Amino acid sequence: MSEVIRIKGFTNETLDWKAWLDVVNISKASAEQIAILEESHPKAKESDYYLFLAHQPEILRQRSAAFNAIMYAPGGMPRAERELSTAVVSRINGCVYCASVHAQRFEQLAKRNDSIKQVFTDPHTAGIDDREKAIVQFSILLTEKPDAVTASDIQALKNVGLNDAEILDLIHSVAIFAWANRLMLNLGEPVFPSA
Amino acid sequence: MTNHEALKQKPDTLDRLLELVPGSQTFEIRHQRTKVVDATQASEDLLLGGPVEGLSISDRLLVALLACALTPSQALKNEYANRLSELGVPDYTIQSVASAQLDQLNDPRLKQILIFTAALITDPIKADKEALLALKASGLTTPQITALSQLIAFVSYQVRVYAGLHALNALHSQGARS
């Protein structure tokens with residue numbers, strides 16, 4: 001990470017996250033819990049978040065299958081744009097932890113951080129070009145007013161060059177962060193690096 | 001037969017509600033992301049049909065119903081209301097939850113669960129530590145709270161996948177100018 005961004009309570013710094021309730025003790029975890037943690041995330045066994053979700057291992061397994069397929073599958077919408085949309089959703093929902101993680105991923109993939117600064121400053125006007133702006137606007141609309149999304153909102157994405165496969169990936173990315181943000185927000189809190 | 005092949009024969013919840021059929025543009029695009037389709041339905045099956053000790057299926061469907069009523073998502077709200085009806089849950093209870101009239105519920109534990117649901121759906125920041133501890137105080141175990149949080153978060157996801165696909169399908173039906 002080249003430059004630390006801190007805007008309106010959001011950051012691209014590496015944060016920790018602490019659960020508010022008891023997490024699964026890894027030394028007492030079942031073989032099934034260990035297997036599901038390992039397939040969820042490379043560092044899941046050291047993460048309060050995954051150790052909390054491991055209280056319901058089968059549910060975690062399906063959540064991780066959906067999450068990983070949406071965020072990492074090849075083809076479709078470029079991964080940097082998926083990260084941008086999830087940073088927007090996290091900014092709108094107020095999930096500082098998720099926003100920090102996906103700000104970093106965007107920067108790693110896109111090799112720039114200008115869009116993230118814009119998202120943190122004012123998501124409603126963010127985007128460095130028409131394509132990014134359209135992705136951002138759709139992400140906000142589907143997050144805030146899913147029942148108001150119409151064919152014309154899809155057409156707006158097509159007008160800036162997105163094809164159907166990319167639009168599907170965008171819908172999935174926005175939706176999976178409705179899921180992810182709510183878990184991160186209601187089960188614990190971010191821990192900032194000590195000054 | 002893989003899960004996905006089975007799904008192609010019997011439509012999953014989203015295909016059924018959106019009336020997406022094999023061969024249609026929206027169906028074919030959606031099913032290019034097989035793993036997402038499968039994990040979405042598997043999550044619904046676990047969260048709303050699987051065994052979760054201490055959280056009955058009807059209580060979980062009431063959570064999903066309230067989540068859809070508040071989002072709002074008319075199609076999924078109707079779906080979950082119908083499932084509750086089929087389980088024999090009284091219309092009075094279904095109507096109270098569908099209209100977010102939680103004061104009319106007698107069961108204090110269910111009421112606490114639904115208050116938490118409403119907070120997490122409408123303003124996720126409000127579903128904070130205090131809200132979580134209130135849930136614990138109402139008698140829920142940590143594994144039950146894990147399942148409940150996953151359920152509410154999942155429905156937030158499902159209604160948005162539905163809404164996005166619905167709009168995409170509407171554009172396809174108009175004949176896309178792409």
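Among contacts in chain B between residues at least 6 apart in sequence, what percentage join residues at least 24 apart? The figure is 62%. The model is predicted.

**Chain B overall**

- Read along the sequence, the pattern of chain B is α-α-α-α-α-α-α-α-α-α.
- The C-alpha trace of chain B spans about 50 × 35 × 35 Å along its principal axes.
- Chain B has a radius of gyration of 17 Å, which agrees with the value near 16 Å that a compact globule of 178 residues would have.
- Of the 178 residues in chain B, 56% count as buried.

**Packing of α5(B) against α10(B)**

- Two packed helices are described by the angle between their axes and the distance between the axes.
- The axes of α5(B) and α10(B), the latter formed by residues 142–174, come within 10 Å and cross at roughly 40 degrees.
- The two helices α5(B) and α10(B) are therefore oblique to each other.
- The crossing in which α5(B) passes α10(B) is right-handed.
- On the α5(B) side the contact is made by B:Arg60, B:Val63, B:Ala64, B:Ala67 and B:Cys68, which meet B:Leu148, B:Leu151, B:Ile152, B:Val155 and B:Val159 of α10(B).
- By class, the residues of this contact between α5(B) and α10(B) are nine nonpolar, no polar and one charged.

- Helix α7 of chain B covers residues 91–98, and its buried residues are B:Thr93, B:Ile94, B:Ser96, B:Val97 and B:Ala98.
- The cover over the buried residues of α7(B) includes α5 (57–70), α6 (74–86) and α8 (108–122) of chain B.
- After α7(B) comes B:Ala100, with a positive phi near 60 degrees.

**Cis peptide bond in chain B**

- B:Thr71 and B:Pro72 are joined by a cis peptide bond, with omega about -5 degrees.
- B:Pro72 sits in the loop between α5 and α6 of chain B.

**Packing of α8(A) against α9(A)**

- In chain A, the axes of α8 (residues 151–159) and α9 (residues 164–187) come within 10 Å and cross at roughly 120 degrees.
- That angle makes α8(A) oblique to α9(A).
- The crossing of α8(A) and α9(A) is right-handed.
- A:Ile154, A:Leu157 and A:Lys158 of α8(A) meet A:Asp164, A:Ile167 and A:Leu170 of α9(A).
- The residues of the contact between α8(A) and α9(A) comprise four nonpolar, no polar and two charged.

- A:Tyr72 belongs to helix α3 of chain A, residues 57–72.
- With a relative accessibility of 31%, A:Tyr72 counts as partly exposed.
- Neighbours within four places in sequence aside, A:Tyr72 is in contact with A:Phe67, A:Arg79, A:Arg82 and A:Arg105.
- One of these residues, A:Arg82, is 10 residues from A:Tyr72 in sequence, and their C-alpha atoms are 9.2 Å apart.

**Positive phi in loops of chain A**

- A:Lys8 is a residue other than glycine with a positive phi, near 55 degrees.
- The loop holding A:Lys8 runs between β1 (6–7) and β2 (10–11) of chain A.
- A:Lys8 counts as exposed at 59% relative accessibility.
- A:Lys111, not a glycine, has a positive phi of about 60 degrees.
- A:Lys111 is placed in the loop between α5 (96–110) and α6 (114–121) of chain A.
- The relative accessible area of A:Lys111 is 71%, so A:Lys111 is exposed.

Methods
Residues numbered from 1 in each chain as written. Chains lettered and ligands numbered in written order. Predicted model: local features only at pLDDT ≥ 70, side-chain atom pairs only at ≥ 80, totals over all residues. Heavy atoms only, no water. Buried < 20%, exposed > 50% of the residue type's maximum accessible area, 1.4 Å probe, protein only. Helix = DSSP H or I, 4+ residues; strand = E, 2+ residues; numbered from the N terminus. Contact = heavy atoms within 4.5 Å. Axes fitted to C-alpha atoms, helices over the stretch in contact; angles between N-to-C directions. Parallel < 35°, antiparallel > 145°, perpendicular 65-115°, else oblique. Left-handed = near helix turned anticlockwise from the far one by under 90°. Nonpolar A, V, L, I, M, F, W, Y, C, P; charged D, E, K, R; others polar. Rg over C-alpha atoms; globule rule 2.2 N^0.38 Å.
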